Amino acid sequence: MFSKDRSKQREFLASSWQKHINGEILEPLELQLALIVQKHPEYHALINDINLEYFPEQGKTNPFLHINLHLALQDQLTLDQPIGINDIHKKLIAKHSDTHEVEHLMMECIAEMIFNSQKNNTTLDQGNYLVNLKKLIKS
């Protein structure tokens, strides 16, 4: 799963989901991915089409990117990296009462951080990322 090869990442995700559907035993990462996909019925039919292309101008959400953003956020929360993200997460859950909705709000900040990094050819700006996450608490 931790490959830079997009096809391999997609294959791993599709395989994890298929194993889940078949009731097979899953490794921890496979289970984590399957549980994320399970919360997104709109992606169930799309996960197996690993060659499908998604472009922003199409106005469609890339299910593979979306699921990987969930995974990235969950990893950040597990590690409390960047430091303070768990506190922000708890405050947002208290505000919104829906863990999945909170993940989506926070994932928008991750996506923005990645987009800005790629656009400006710079490292990920975790300081600005935390600032944007804290804005969610106040909004």
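Where is asparagine 121 found? Asparagine 121 sits in the loop between helix H5 (99–120) and helix H6 (126–138). Helices here (H or I, at least four residues) and strands (E, at least two) are DSSP runs, numbered from the N terminus.

## Before we start

What you're looking at is a predicted model, where local features need pLDDT of at least 70 and side-chain atom pairs count only at pLDDT 80 or more, while totals for chains, interfaces and linings use all residues. Residues are numbered from 1 along each chain as its sequence is written, and side-chain values use heavy atoms, with hydrogens and water left out.

Most residues other than glycine have a negative phi, and most peptide bonds are trans. Back to asparagine 121: its phi is positive, about 55 degrees, although it is not a glycine. Asparagine 121 also counts as exposed, at 73% relative accessibility. On that scale, buried means under 20% relative accessible area, exposed means over 50%, and partly exposed is in between (1.4 Å probe, protein chains only).

Now hop to the loop between H3 and H4, where you'll find aspartate 80. Aspartate 80 isn't a glycine either, yet its phi is positive, near 50 degrees. With 23% relative accessibility, aspartate 80 counts as partly exposed. Proline 82 has its place in the loop between H3 and H4 too, and the peptide bond leading from glutamine 81 to proline 82 is cis, with omega near 0 degrees.

## Salt bridges

Side chains of opposite charge can pair when their charged atoms come close. The rule for a salt bridge is a side-chain nitrogen of Lys or Arg within 4 Å of a carboxyl oxygen of Asp or Glu. By this rule, the count is three salt bridges. One of them joins the side chains of glutamate 53 and arginine 6, at 2.8 Å from N to O. This pair links distant parts of the chain, 47 residues apart: glutamate 53 is in the loop between helix H2 (28–38) and helix H3 (63–79), and arginine 6 is in helix H1 (residues 6–21). Glutamate 53 is partly exposed at 35% relative accessibility, and arginine 6 is partly exposed at 40%.

Lysine 19 pairs with glutamate 30 in a salt bridge, and their closest N and O atoms are 3.0 Å apart. Lysine 19 lies in helix H1 and glutamate 30 in helix H2, so the pair ties together parts that are 11 residues apart in sequence. Glutamate 30 is buried, with a relative accessible area of 7%. Lysine 91 and aspartate 87 form a salt bridge as well, at 3.2 Å from N to O. Both lie in helix H4 (residues 85–96), four residues apart, or about one turn of the helix. Lysine 91 is partly exposed at 42% relative accessibility, and aspartate 87 is partly exposed at 41%.

## How the helices pack

Two packed helices are described by the angle between their axes and the distance between the axes. Axes are lines fitted to C-alpha atoms, for helices over the stretch in contact, and angles run from 0 to 180 degrees between N-to-C directions. Take H1 and H2: their axes come within 9 Å and cross at roughly 80 degrees. That makes H1 roughly perpendicular to H2. As for the cut-offs, angles under 35 degrees count as roughly parallel, over 145 as roughly antiparallel, 65 to 115 as roughly perpendicular, and the rest as oblique. The residues where H1 meets H2 divide into seven nonpolar, three polar and two charged. Here Ala, Val, Leu, Ile, Met, Phe, Trp, Tyr, Cys and Pro count as nonpolar, Asp, Glu, Lys and Arg as charged, and the others, Gly among them, as polar.

H3 and H4 pack at about 110 degrees, with their axes 8 Å apart. H3 and H4 are therefore roughly perpendicular to each other. Their contact (heavy atoms within 4.5 Å) is made by Leu73, Gln76 and Leu77 of H3 and Ile85, Asn86 and His89 of H4. By class, that contact has three nonpolar, three polar and no charged residues.

## A closer look at serine 16

Is serine 16 buried or exposed? Serine 16, placed in helix H1, counts as buried at 0% relative accessibility. Leaving out residues up to four places away in sequence, serine 16 touches Leu26, Glu30, Leu33 and Ala34.
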